[in-house]
Amino acid sequence: MTTTRKVTGTYELAVGYADSGLSWPEYLDGLAGHEERPSPPGTVPFLPEERSRAAVYSFGYTHAVVNETAVEKGKLDFYYKGTGDLLRTDGDPLSSPVPLTGGGIEVEYCAVYCVNKEGDPVYLGFTLANDFSDAGLRHARRNLANLSKLQPTAVAAEVVLDELPPSSAVTASISRDGTAVWERRGALGRREMLYSPRVLERLLLRRRGLFEAGTVVYLLLGSCISSHKDGAELRDGDVITMRDTYTGLSLGNVFFG
């Protein structure tokens with residue numbers, strides 16, 4: 001487990017840091033006694049009160065191995081997930097706003113950015129995420145693949161103020177009535193990826209005028225574990241659990257279809 005600093009930071013902390021031009025240690029040292037400005041328990045880190053000032057996106061086919069199966073480079077895809085209103089965190093229920101063709105979960109890292117007053121994206125850190133989607137719809141009707149991703153996204157309650165690790169073991173499980181009905185292990189991190197996080201960042205964020213100053217962007221960097229690829233079906237009341245070895249972050253949500 002890393003000893004790198006983790007915060008349950010507020011939106012004000014994100015904006016202040018993004019506009020400061022300082023490193024995290026320099027910025028936090030200057031806050032004198034209330035440096036972390038923690039969010040209330042059960043809130044998404046760095047999320048603005050005005051949820052439309054946050055945006056969630058995801059890349060796919062970024063990892064060399066998914067469910068222990070090699071992925072061919074060159075299949076990179078990209079989706080819009082929604083505004084900050086669809087973000088959830090550890091302990092929140094996870095439910096679809098529309099009937100599902102087949103719900104699926106994916107274990108990912110989520111990089112978090114805040115656009116500063118000059119309009120430039122500033123990297124804040126990363127956290128563990130559950131990229132929930134209507135995987136059944138995406139595979140049955142590729143022309144509607146982007147619609148399949150307009151679903152809630154769960155992120156851990158803390159953000160790690162550092163770059164992604166080279167590699168970290170992660171686990172995921174679905175439990176029903178106290179019994180695990182699906183479990184998987186995988187690995188996230190820079191060495192596990194077909195595309196570096198900075199390449200993905202440039203593809204989306206280096207577009208002048210796309211984001212207003214003060215926007216917080218949650219960018220899902222692609223999965224190494226997918227429940228849908230194993231044919232696992234989600235049912236009402238299922239408990240979804242994810243854990244990351246490097247950071248010690250965990251994420252647990254109850255699914256309601």
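Let's start with strand 8, residues 106-115, which is mostly covered: ten of its ten residues are buried. Buried here means under 20% relative accessible area, exposed means over 50%, and partly exposed is in between, using a 1.4 Å probe and protein chains only. Strands are DSSP runs of E with at least two residues, helices are runs of H or I with at least four, and both are numbered from the N terminus.

Before going on, a word about the model. It is a predicted one, where local features need pLDDT of at least 70 and side-chain atom pairs count only at pLDDT 80 or more, while totals for chains, interfaces and linings use all residues. Residues are numbered from 1 along each chain as its sequence is written, and side-chain values use heavy atoms, leaving out hydrogens and water.

Back to strand 8. Which residues cover its two faces? On one side we have Glu106, Glu108, Cys110, Val112 and Cys114, and on the other Val107, Tyr109, Ala111, Tyr113 and Val115, all buried.

Now its neighbours. Two strands pair if DSSP finds at least two bridges between them. Strand 8 runs antiparallel to strand 14, residues 216-226, and eight bridges join them. Look there for Val107, which stands opposite Ile225. Strand 9, residues 121-131, also pairs with strand 8 in the antiparallel sense, over nine bridges. Here Val112 stands opposite Gly125. Five residues lie between the strands of this hairpin, and Gly119 takes a positive phi near 90°.

How many cavities of 30 Å³ or more does a search of the whole structure find? One. A cavity is a set of points, on a 1 Å grid over the protein atoms alone, where a 1.4 Å probe fits but cannot get out; lining residues have an atom within 4 Å of a point. The largest cavity holds about 230 Å³ of space, where a volume is the space filled by probe spheres set on the points, and points are joined across faces, edges and corners. Its lining has 19 residues, and the closest to its centre are Gly60, Tyr61, Glu106, Arg138 and Ser223. Strand 8 and strand 14 come up again here, among the elements that give two or more residues to the lining.

Let's finish past strand 14. His228 sits in the loop between strand 14 and strand 15 (239-244). His228 is partly exposed, because its relative accessible area is 27%. The C-alpha atoms of His228 and Gly74 are separated by 21 Å, and the two residues are 154 residues apart along the chain.

Terms used:
1 Å grid on protein atoms, 1.4 Å probe; cavity = no way out; pocket = protein on both sides within 12 Å on 5 of 7 lines; lining within 4 Å.
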